[in-house]
Amino acid sequence: DLHSFPTRRSSDLIRRIQERQNKARVVVFSGQPEQEVRRILQGAEAPDFLAKPCTPTQLRDTVRKALA
């Protein structure tokens, strides 16, 4: 979630994860519209996105897509 780490920029966190584990997959889970999330994350490699609220099926499908 974009607001889980209020002391860090989300794009920096995603970049650090991907630098340490270049095969790491990131799914952003947010109640904000996807276009706003993409704007906030500018410069970070495009992660998968899941809008809140979601169903268990949507969560499963998004995680599967990220891991594919």
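Which residue does the side chain of D61 meet in a salt bridge? The side chain of D61 meets that of R60, with N and O 3.0 Å apart. The views below come from a predicted model, in which local features need pLDDT of at least 70, side-chain atom pairs count only at pLDDT 80 or more, and totals for chains, interfaces and linings use all residues. Residues are numbered from 1 along each chain as its sequence is written, and side-chain values use heavy atoms, with hydrogens and water left out.

**View 1. Salt bridges join charged side chains.** A salt bridge is a side-chain nitrogen of Lys or Arg within 4 Å of a carboxyl oxygen of Asp or Glu. By this rule the count comes to five. In one of them, R15 pairs with D12, the closest N and O atoms being 3.0 Å apart. Because R15 and D12 are three residues apart in helix α1, about one helical turn separates them. R38 and E34 form another salt bridge, at 3.0 Å from N to O; both lie in helix α2, four residues apart, about one turn of the helix. Helices (H or I, at least four residues) and strands (E, at least two) are DSSP runs, numbered from the N terminus.

**View 2. Helix α1 has a buried face.** In helix α1 (residues 10-20), the buried residues are S10, S11, L13, I14 and Q18. Seen down the axis of α1, they fall within an arc of 160°, so they line one face of the helix; the arc is that of the directions from the helix axis to the C-beta atoms. Buried means under 20% relative accessible area, exposed over 50%, and partly exposed in between (1.4 Å probe, protein chains only). E19 and R20 are exposed on the other side of α1. The buried residues of α1 pack against β1 and α2 (34-40), where contact means heavy atoms within 4.5 Å.

**View 3. A nonpolar patch lies on the surface.** V27, L59, V63 and L67 form this patch, with about 320 Å² of accessible area together. Patches are made of residues with over 30% relative accessible area and no salt bridge; like charges are joined within 9 Å, and nonpolar side chains (Val, Leu, Ile, Met, Phe, Trp, Tyr) within 5 Å. Accessible areas come from the Shrake-Rupley method with a 1.4 Å probe; for residues, only the protein chains shown count as cover. Helix α3 (residues 56-67) gives the most to the patch, with three residues.

**View 4. A cis peptide bond joins K52 and P53.** Omega is about -15° for this bond. P53 is found in the loop between β2 (48-51) and α3. Most peptide bonds are trans.
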